[in-house]
Amino acid sequence: MRKRFARASDLGLTAREFAVLRRLDTPQKIQAFVHGLRQNFELDGQTCRSVREVLRSRRAHCIEGAMLAAAALWIHGEAPLLLDLRAERDYDHVVTLFRRHGRWGAISKTNGIGLRGRDPVYESLRELAMSYFHEYTNRREHKTLREYSVPLDLRRLDTSLWVSGKKNCWDVCEELDGLRHFRLMGRRHLKAVTRRDPFERRVNRMLQYARPRALIEKMREKQLARRKK
């Protein structure tokens, strides 16, 4: 489906669901809405919820927020494009792309400060991806971002999978994994990369939405199990 403007019938959404996204008529409004969604901590297992399920639960993590943002852009005549940021010894991150006056920007759902959205000031996707490098770290404070993908146009996929479906839409994850990815730097450049300093580590502990107690307990149990090994 390559329609420029997506209608409610194209997306399989109800009038009420569609109205929520139709009100988000700028990237700034979309980003604010995505920030306002509570964090999906996946307490019952990994998820990749459709746009409908995100609207219902008002919770999301990165790819779930990215798909909602893409649907909102499509409703307003912009291509629903996702970009995959691939990390080493860390989780990937997915953002929604948009362009203004020939420059790229990104809409992002994250619970921390470093991987949030980007204003449309980047001349290339590589330049946009590199803007995430310094803050993209794992729990050991290693900077882990290594690759970025070509854009995924979600119009290639059936909207019953990623917009109106009630099941996890793992097809989108598989499509992103299968895209061509480009390395951001070579091994010799990585030798000069340092860990974040203590001040940066303290700042990075700040979260928009606090982790639930059940998740904290799980993390402690995992840490204890590692120490016993």
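**View 1. Strand β3 and its partner β7.** In strand β7 (residues 145-149), Tyr-148 is the bridge partner of Leu-85. The two strands run antiparallel and are joined by 3 bridges; strands count as paired if DSSP finds at least two bridges between them. Strands (E, at least two residues) and helices (H or I, at least four) are DSSP runs, numbered from the N terminus. The model is predicted: local features need pLDDT of at least 70, side-chain atom pairs count only at pLDDT 80 or more, and totals for chains, interfaces and linings use all residues. Residues are numbered from 1 along each chain as its sequence is written, and side-chain values use heavy atoms, leaving out hydrogens and water.

**View 2. Other neighbours of β3.** With β4, strand β3 pairs in the antiparallel sense over 5 bridges, and Leu-81 stands opposite Leu-97. The hairpin of β3 and β4 has 5 residues between the strands, and in it Arg-89 takes a positive phi near 55°. Strand β8 (residues 152-153) also pairs antiparallel with β3, over 2 bridges; here Leu-82 faces Leu-152. Because 6 of its 7 residues are buried, β3 (residues 81-87) is largely enclosed by the rest of the structure. Buried means under 20% relative accessible area, exposed over 50%, and partly exposed in between (1.4 Å probe, protein chains only).

**View 3. Helix α5.** This helix (residues 62-75) has 14 residues and reaches 20 Å from its first C-alpha to its last, close to the 20 Å expected at 1.5 Å a residue; the expected span is 1.5 Å times one less than the number of residues. Since 14 of the 14 residues of α5 are buried, the helix is largely enclosed by the rest of the structure. Just after α5, Gly-77 takes a positive phi of about 90°.
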